[in-house]
Amino acid sequence: NQVTYPLATTMLSVPGAKTVRGYSFFGDSFVYVLFEDGTDLYWARSRVLEYLNQVQSRLPAAAKPSLGPDATGVGWVYEYALVDRTGRHDLSQLRSLQDWFLRYELKTLPGVAEVAAIGGFVRQYQVQVDPNRLRTFNLPISKVIEAVRAGNNDVGGRLVEMTGAEYMVRGRGYAKSADDIGNIVLARNPNGVPVRVRDVGQVTLGPDLRRGVSDLDGTGDTVAGIVVMRQGENALKVIERVKQRLKELEPSLPAGVKVVTTYDRSDLILRSIDNLTHTLLEELAIVS
């Protein structure tokens, strides 16, 4: 409510707004701004962004408002699932393939507003701190959080002039494995020996907390992607572009991984056009 109320009351004064609806959930807040008929979508989005900047100071520090995709409620035009019948890839690997490969390739297509992912496990590095070890080294948990946040970062320095040339100094500190995070220094003991993250806990690769699951034909959990069409686009052409790109990307997928279509609105569109054409021909014949 500390997020939904300030947002909803601020959006009431957006030009052209007819209705504002706020919904509060556990960890999430959704605010819907309904505009008058005929309002240009991108003009409305720019107005909402202006008022989001105004309300930022009234929100809690951890609240980060963002604008939804430029799509409508009927923009869900295509859905697919990633399956591996061979069992070589687990759900976390399939989800990473969806998030870091297929999603970006499909978002470049004209008419695609968003590619949402459901199911699977989002992989993340997890630091499992032992409270007894923290007490031994007299370190608070906040010190671990600050050190991990600061230790996974690239930093830039100044220039070094050598033999008439300038060389830029850069510190490369991005963590690429669990061992890199475990080697981050937290503090030093009286003898000057560094206390590292691995000394106060374990660093493992695990799944993020899931808020839902996806099942395919009753065979168990799966990873799926939802293609959302941008408002005003031709759904049939967008679906054709998506299917063509997926066909082009199929050789690039790992061995055993297949893309299975689970929802395709083009079949409904083509059958509707065929039915309309057939009915019009009948009516023309009757009138003639």
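## Around Ile141

Leaving out residues up to four places away in sequence, Ile141 touches Val129 and Leu134. This is a predicted model, so please read every value here as computed from predicted coordinates. Ile141 belongs to helix H5, which covers residues 141-151. With a relative accessibility of 46%, Ile141 counts as partly exposed. For a sense of distance, take Thr219, which is 78 residues away from Ile141 along the chain: the two C-alpha atoms are separated by 42 Å.

## Strand E3 and its two partners

Let us turn to the strands. Strand E3 spans residues 71-84 and runs antiparallel to strand E11, residues 223-230, with seven bridges joining the two. Within this pairing, Ala81 stands opposite Ala224 of E11.

E3 also pairs with strand E12, residues 257-264, again in the antiparallel sense and over seven bridges. Here Tyr78 has Asp264 of E12 as its bridge partner. Both Tyr78 and Asp264 come back below, Tyr78 in the largest nonpolar core and Asp264 in a salt bridge.

## The nonpolar cores

Which residues have the most contacts inside the largest nonpolar core? They are Tyr78, Tyr80, Leu106 and Val242, in a core of 23 residues. Several elements contribute: E3, H3, strand E4 (112-118), E11 and H8 each supply at least two residues of this core. The largest share, six residues, comes from H8. In soluble globular proteins, nonpolar side chains tend to be buried together.

Setting aside neighbours within four places in sequence, Val242 is in contact with Tyr78, Leu106, Leu109, Val112 and Val227. There is also a second, separate core of 13 residues, and among its members are Met11, Val48, Leu59 and Ala63.

## Salt bridges within helices

How many salt bridges does a search of the whole structure find? The count is nine. One of them links the side chains of Arg95 and Asp99, with an N to O distance of 2.9 Å. These two residues sit four apart in helix H3 (residues 91-107), so about one helical turn separates Arg95 from Asp99.

The closest N and O atoms of Asp267 and Arg271 are 3.1 Å apart. Asp267 counts as partly exposed, with a relative accessibility of 44%.

Lys243 is partly exposed at 34% relative accessibility, and Asp264 is partly exposed at 22%.

One more group is worth a look in the viewer.

Key: Residues numbered from 1 in each chain as written. Predicted model: local features only at pLDDT ≥ 70, side-chain atom pairs only at ≥ 80, totals over all residues. Heavy atoms only, no water. Pairing = 2+ DSSP bridges. Salt bridge = Lys/Arg side-chain N within 4 Å of Asp/Glu carboxyl O. Buried < 20%, exposed > 50% of the residue type's maximum accessible area, 1.4 Å probe, protein only. Core = buried A, V, L, I, M, F, W, Y, C linked by side-chain atoms within 4.5 Å. Contact = heavy atoms within 4.5 Å.
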